[in-house]
Amino acid sequence: MKSFKEKSFQSITYITSLFTIVILMGIIYSLFREGLPLFKTVSVKEFLFTQNWYPTHSEPEFGAWALIAGSFYVTLGALLIGVPLGLGSAIFVSEVASPKLKEIAKPVIELLAGIPSVVYGLFGMAFLAPLIRQWFNLNTGLNVFSASVILGVMIVPIIASMSEDALSNVPKSIREAALALGSTKVECIFRAVIPSAKSGIIGSILLGFGRAIGETMVVLMVAGGSAQIPKGIFSSVRPMTSTIAAEMGETVMGDLHYQSLFALAMVLFIITFVTNLITELVFLKRSFR
Amino acid sequence: MNRRKLQNYLGLGVLGLFLFITFAFLIIFLVRMFYMGSSVLSLEFVTTNPRNAMTEGGIFPAVVGTFWLTTLAILVATPMGVLTAVYLTSYGRPMWFVRLVKIAINTLAGTPSIIFGLFGMAIFVNLMRLNISLISGALTLAILALPMIINATEEALRGVPSDFSEASLALGATKRQTILRVMIPTALPNILTGTIISIGRIAGETAPIMFTAATFYSRRLPESLSDEVMALPYHIYALMTEGTHSASQVPIAYGTALILLLMVLSISGVAVFIRFNIRRNRKW
């Protein structure tokens, strides 16, 4: 027979746990409640696949394709920079570095993770962008390339720490076997260790993808902000997150523009939700531990 | 044989180069922030109000605003996070519910911060009529911190050896007593570390408070929960994108960023220090 105190304590912990689910439901509910009404006026097809984003014109158009494409371009660029840097650093730290270097490198990479995104944004806007403009003789340094560089560095710690975990979980015997068969260090790393840590590494890249596509401040400050399909790495873009952040202030609650920004957030949420779910269930198997 | 040797050194060199580039970026970044920021930094800068349409003066209201936003958010999120982690580690039944909670936590952890901002705007600001205020912003940030605190606490509680709880239960303590008097106190340093790290994270968040709490300029300090507040991260953004005197605003933005950076880095420094001490003093 459990006492009242025991039962009520257990109930409290149960209720707070329930709250996490309630919050998630609340997020989904609020996004859909505010965003779905848009599709009474604008068809889903028009919203997703046309590219005229003129929400404030007298005859507004809500084609979000350029914004969605903008997000993917910038994120792809970030991965092109973040994956080699993050994965390379992780491999070097876990397989090659001396214990001493290891002890320095890990906290330094963690330090990168602690830097607020708006500070990265400031750095990109006031330091990197003018440099890029000068080096490549451009009209503006606020473009896909600059945003990708900053975002790429931002996701280095995520990719590095997660893939380092995966690499250090590879049993020592695999390395010993590869080396005993006469392989060089590099062959051992690329033919034995990395294949064994594959799923963790892919998981870390997917997490980096989710982080990059959802990042707001950096793209808001560094990507330039024109709603067009980028023509090259030096064109200005307006990813979904920066559209939401930049335009929400101009909207009136409940009008079409407001709804369209929530609809963008729905698209963004669905992308990150699916990425996360795949990462957790397929590659990291954490939710079922 | 020679070709393989060459390939080996080349491969190792490239891997090292990637680590080196990461380090180099961090160093350039820090040098630039300190160099540009320190030119405006002074005691006056952090203790006075902005003057002359943001082109002169200090950032005191933003420091105060960030302090309150972060403190309130942590005060809300920590008890909830710890209790949820207790449920997951010590009760954990029924299993399907635990899985659902874990999926919810992981999904929340991976959700972009701007979406928390929209949620806060739709629920706290509009639906609950809390308006753009300190409390709306703090609640939004609390939700953002929740998954971090739950994960850290869960890991901390799982790190407590089962002998401890078994000994306590064998002595006749109830499950609740075991959790409150044995498990949580033993795991406390690790729980604190997790909490401190999440303080650092939410102090630097901009997107969630943009539409829920932050204002570019306020003449006075926040006096109640329903006041709009200035905040360091939003202040940096606003200085860079609003106003017309960028020549005098950019240095202030650097100064603000340096303050924020010093705050966040010293907070995570404290966390690293605590963790280091736990590892050294641990007796089991």
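Reader: By class, how many nonpolar, polar and charged residues has the lining of the second largest pocket?

Author: The model is a predicted one. In the second largest pocket there is about 450 Å³ of space, and 22 residues line this pocket. Split by class, the lining has 15 nonpolar, five polar and two charged residues.

Reader: Which residues are the closest to the centre of the second largest pocket?

Author: The elements that give two or more residues to the lining are α12 (240–247) of chain A together with α5 (113–127) and α10 (232–241) of chain B. Among the 22 lining residues, those closest to the centre of this pocket are A:Met248, A:Gly249, B:Ile132, B:Met210 and B:Phe211.

Reader: What area is buried between chain A and chain B, and what share do carbon and sulfur atoms give?

Author: The size of an interface is often given as the accessible area lost when the parts come together. Here 84 residues of chain A are in contact with 80 residues of chain B. The area buried between the two chains is about 7,200 Å², and the share from carbon and sulfur atoms is 79%.

Reader: Which three residues supply more than any other three of the area that chain A buries against chain B?

Author: The area in question is part of the about 7,200 Å² buried between chain A and chain B. Of the area that chain A buries there, 9% comes from three residues, more than from any other three: A:Phe9, A:Leu122 and A:Phe123.

Reader: Which helix gives the most to the side of chain A that touches chain B?

Author: Between chain A and chain B the count is seven residue pairs in polar contact. By class, the side of chain A that touches chain B has 54 nonpolar, 20 polar and 10 charged residues. With 21 residues, the helix that gives the most to this side is α1 (residues 4–35) of chain A.

Reader: How many helices and strands has chain B?

Author: The C-alpha atoms of chain B fill a box of roughly 70 × 70 × 35 Å along the principal axes. Read along the sequence, the pattern of chain B is α-α-β-β-α-α-α-α-α-α-α-α-α. The totals for chain B are 11 helices and two strands.

How values were computed:
Residues numbered from 1 in each chain as written. Chains lettered and ligands numbered in written order. Predicted model: local features only at pLDDT ≥ 70, side-chain atom pairs only at ≥ 80, totals over all residues. Heavy atoms only, no water. Contact = heavy atoms within 4.5 Å. Buried area = accessible area lost by both parts, 1.4 Å probe. Polar contact = N/O pair within 3.5 Å; in protein donor to acceptor, adjacent residues only side chain to side chain. Helix = DSSP H or I, 4+ residues; strand = E, 2+ residues; numbered from the N terminus. Nonpolar A, V, L, I, M, F, W, Y, C, P; charged D, E, K, R; others polar. 1 Å grid on protein atoms, 1.4 Å probe; cavity = no way out; pocket = protein on both sides within 12 Å on 5 of 7 lines; lining within 4 Å. Points joined across faces, edges and corners; volume = space filled by probe spheres on them.
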